[in-house]
Amino acid sequence: QVQLVESGGGLVQPGGSLRLSCAASRSISNFYVMGWHRQAPGEQRELVAAVTSGGTINYVDSVKGRFTISRDNAKNTVYLQMNSLKPEDTAVYYCYTVPVRGFKTIWGQGTQVTVSS
C-alpha cells in the first residue's frame, strides 16, 4: 500500500500563508484522486481540495480563491498552497488518495495548521 506523509503545517498569523506537502512512496501519476481533508476539534472531516488523474480540481467554497492544490509527479508529491489564512482554517489537514475508483481511501497521518494572532 502506498504511504502518504504530510508536512508543512505550523502556526501562522491571520492573513499569512503555508504550503502543505504530501509525499507519496510511489508514483501518483495514475492515482484516481488525490487531495486534502481537514478536521477541526469536535467536527467531522471536511473535503478541502482534490485533483483527479485527469487534472480536474475541486475546492470547498470556503477556500476558493485562497487555496491551490497542485501536483509534481516527478517528486510524487501533492501540495496545498494556503494563502490569506483565517482562524477558521485551523485544523488538522490530512492528505488522501483513492488510487483506483472504488478502492479504499488511503490517508496520511495529518499535519496541524493553526491560524492565530
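Which residues form one aromatic cluster? In this predicted model, the cluster is made up of Tyr94, Tyr96 and Trp107.

A pair of aromatic rings is described by two quantities, the distance of the centres and the angle of the planes. Two aromatic pairs are present in the structure. One of them joins Tyr94 to Trp107 in an edge-to-face arrangement, with 6.5 Å centre to centre and 85° between the planes. The pair connects distant parts of the chain, since Tyr94 belongs to strand β9 (residues 91-98) and Trp107 to strand β10 (residues 106-107), 13 residues apart. Tyr94 has a relative accessibility of 12% and therefore counts as buried. Trp107, at 35% relative accessibility, counts as partly exposed.

Tyr96 and Trp107 form an aromatic pair that is tilted, with 5.6 Å centre to centre and 40° between the planes. Here too the pair links distant parts of the chain: Tyr96 lies in strand β9 and Trp107 in strand β10, 11 residues apart. Tyr96 counts as buried because its relative accessibility is 8%, and the limit for burial is under 20%. Trp107 thus takes part in the pair with Tyr94 and in the pair with Tyr96.

The charged end of Arg45 is placed over the ring of Tyr94, 3.6 Å from the ring centre. Arg45 lies over the face of Trp107 as well, at 4.5 Å from the centre of that ring.

The largest nonpolar core comprises 28 residues. Met34, Trp36, Val48, Phe67, Leu80, Met82 and Tyr93 are the residues with the most contacts inside this core. Several strands contribute: β3 (18-24), β4 (33-39), β5 (46-52), β7 (67-72), β8 (77-82), β9 and β11 (111-115) each supply at least two core residues. The greatest contribution comes from β3, which gives four residues.

What is Met82 in contact with, leaving aside its neighbours within four places in sequence? The partners of Met82 are Gly16, Ser17, Leu18, Leu20, Arg66, Phe67, Tyr93 and Val113. Among these partners, Phe67 and Tyr93 are, like Met82, listed with the most contacts inside the core.

Technical notes. Residues numbered from 1 in each chain as written. Predicted model: local features only at pLDDT ≥ 70, side-chain atom pairs only at ≥ 80, totals over all residues. Heavy atoms only, no water. Phe/Tyr/Trp six-rings, centres within 6.5 Å; stacked < 30°, edge-to-face > 60°. Buried < 20%, exposed > 50% of the residue type's maximum accessible area, 1.4 Å probe, protein only. Lys NZ or Arg CZ within 6 Å of the ring centre and 35° of its normal. Core = buried A, V, L, I, M, F, W, Y, C linked by side-chain atoms within 4.5 Å. Contact = heavy atoms within 4.5 Å.
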